[in-house]
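Biologist: Walk me through this structure, please. I will keep asking what stands behind each label.

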Amino acid sequence: MTDSIVNERTAVVTGGAQGLGAAIASHLARDRFAVALLDMQEDALQRAKKSIESRFRDARVFAAAADLSRPEDVERVFQEIDSEFGRIDVLVNTAGGSGTVAVREIEDLPPDVWNTVIGNNLTSAFLCAKYAVPIMRRKGFGRVVNFSSAVANGLAGPSGTVGALLPYAASKAAVNGFTKQLAKDLGGSGITVNAISPGLILPAQGRVRATFDALPAEARAATEAAIPVGRTGTTDEIAAAVGYLVSEDAGFTSGAVLSVDGAAS
Ligand SMILES: NC(=O)c1ccc[n+]([C@@H]2O[C@H](COP(=O)([O-])OP(=O)(O)OC[C@H]3O[C@@H](n4cnc5c(N)ncnc54)[C@H](O)[C@@H]3O)[C@@H](O)[C@H]2O)c1
């Protein structure tokens, strides 16, 4: 890939205000992608934008606040991205999470928490792909990376950093199915669709880091002990996996769910 081609490339990163999304966006900017950050947290979004711009002086960074589970918000921000950059090469659907309400028993799970968690993890990925794919089709090239979780296979032990476990596991299992079907549907288009399935990753900031740090010492130790590799993962390890999946060399990798979880699943 030549520098000039790399310079024009545009990556949309959802959930880009903090945590994994902010780290992935920073790596993509380092690799000379123009980056569009989308998130519902406006202040954190602006901080993430400034952080990338201060680290990489030539970086081109666009940021827009949106609730990505809402069709009208998603349609609006993808129109804005199209006006700003005129192309989308990469979509990284990082937005999601298990929420702040720690619920383990189905009897205690409010339907609105179920709907919110499904909306944040699954509907957001669908809507962002729906509006990104037509823009990718213009160039006959695209890379979609969705975010699943080791929890998609269910979790029998302590909940650790997971808030509402049941809708979270259900939404991430659905992200796997969404990934595999969309990969097949877009088979001949030049657009690949894959998912990364992380185990416990502790970014420098963000909800998961804050929740983990607030756990009692025994709960932190039990959570780490349940990871066969013996430690939590790093944002660099996730960004490296994204880097492979969005590369031109990865054109024959589509419909994969790549575990980056220390053998936890
Ligand atoms: N960190 C981990 O250990 C881990 C493990 C497995 C999977 N994951 C997945 O990786 C992704 C990123 O995790 P993280 O640790 O950075 O989480 P995080 O909670 O720190 O960040 C998620 C971001 O997504 C945004 N978001 C959520 N719903 C949104 C919506 N409807 N519209 C717009 N923005 C929305 C939030 O505002 C937040 O900035 C998530 O999908 C998560 O489920 C994380």
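Biologist: What makes Arg209 partly exposed?

Modeller: Its relative accessible area is 25%. Buried means under 20%, exposed means over 50%, and partly exposed lies in between, with a 1.4 Å probe and protein chains only. So 25% puts Arg209 in the partly exposed class. Before we go on: this is a predicted model, where local features need pLDDT of at least 70, side-chain atom pairs count only at pLDDT 80 or more, and totals for chains, interfaces and linings use all residues. Residues are numbered from 1 along each chain as its sequence is written, and side-chain values use heavy atoms, with hydrogens and water left out.

Biologist: Why is the contact of Arg209 with Asp213 called a salt bridge?

Modeller: The rule asks for a side-chain nitrogen of Lys or Arg within 4 Å of a carboxyl oxygen of Asp or Glu. The closest N and O atoms of Arg209 and Asp213 are 3.2 Å apart, so the pair qualifies. Both residues lie in helix H7 (residues 207-214), four residues apart, about one turn of the helix. Asp213 counts as partly exposed, at 42% relative accessibility.

Biologist: How many salt bridges does the rule give?

Modeller: The count comes to 11. One of them joins Arg87 and Glu8, at 2.9 Å from N to O. That pair links distant parts of the chain, 79 residues apart: Arg87 is in the loop between H4 and E4, and Glu8 is in helix H1 (residues 3-8). H and E labels are DSSP runs, numbered from the N terminus: helices are H or I with at least four residues, strands are E with at least two.

Biologist: What makes Asp82 and Arg138 a salt bridge?

Modeller: Their closest N and O atoms are 2.6 Å apart. This pair also links distant parts of the chain, 56 residues apart, with Asp82 in helix H4 and Arg138 in the loop between H5 and strand E5 (142-147). Asp82 is partly exposed at 22%. Arg138 counts as exposed at 51%.

Biologist: How do you know that H4 has the span expected of a helix?

Modeller: The expected span is 1.5 Å times one less than the number of residues. H4 (residues 71-85) has 15 residues, and the distance from its first C-alpha to its last is 21 Å, close to the expected 21 Å.

Biologist: Which residues of H4 are buried?

Modeller: Asp73, Val74, Val77, Phe78, Ile81 and Phe85. They share one side of H4, because their arc around the axis is only 120 degrees. The arc is taken from the directions from the helix axis to the C-beta atoms. On the other side of H4, Gln79 and Ser83 are exposed.

Biologist: What covers the buried residues of H4?

Modeller: The cover includes strands E1 (10-14), E2 (34-39), E3 (61-65) and E4 (90-93), and helix H5 (111-137). Contact here means heavy atoms within 4.5 Å.

Biologist: Why is E1 called largely enclosed?

Modeller: Because five of the five residues of E1 are buried. Thr10, Val12 and Thr14 point one way, Ala11 and Val13 the other. In a regular strand the side chains alternate between the two faces of the sheet.

Biologist: How do you know that E1 pairs with E2?

Modeller: Pairing needs at least two DSSP bridges between two strands. E1 and E2 have five, in the parallel sense. Val13 stands opposite Leu37 in E2. E1 and E4 also pair in the parallel sense, over four bridges. Val90 in E4 is the bridge partner of Ala11.

Biologist: What makes the unit of E1, H2 and E2 right-handed?

Modeller: The test views the strands pointing away from the viewer: the path from the first strand over the helix to the second must run clockwise. E1, H2 and E2 make a right-handed β-α-β unit.

Biologist: Where is Arg32, and what is its phi?

Modeller: Arg32 is in the loop between helix H2 (19-30) and E2. Its phi is near 70 degrees, a positive value in a residue other than glycine. At 37% relative accessibility, Arg32 counts as partly exposed.
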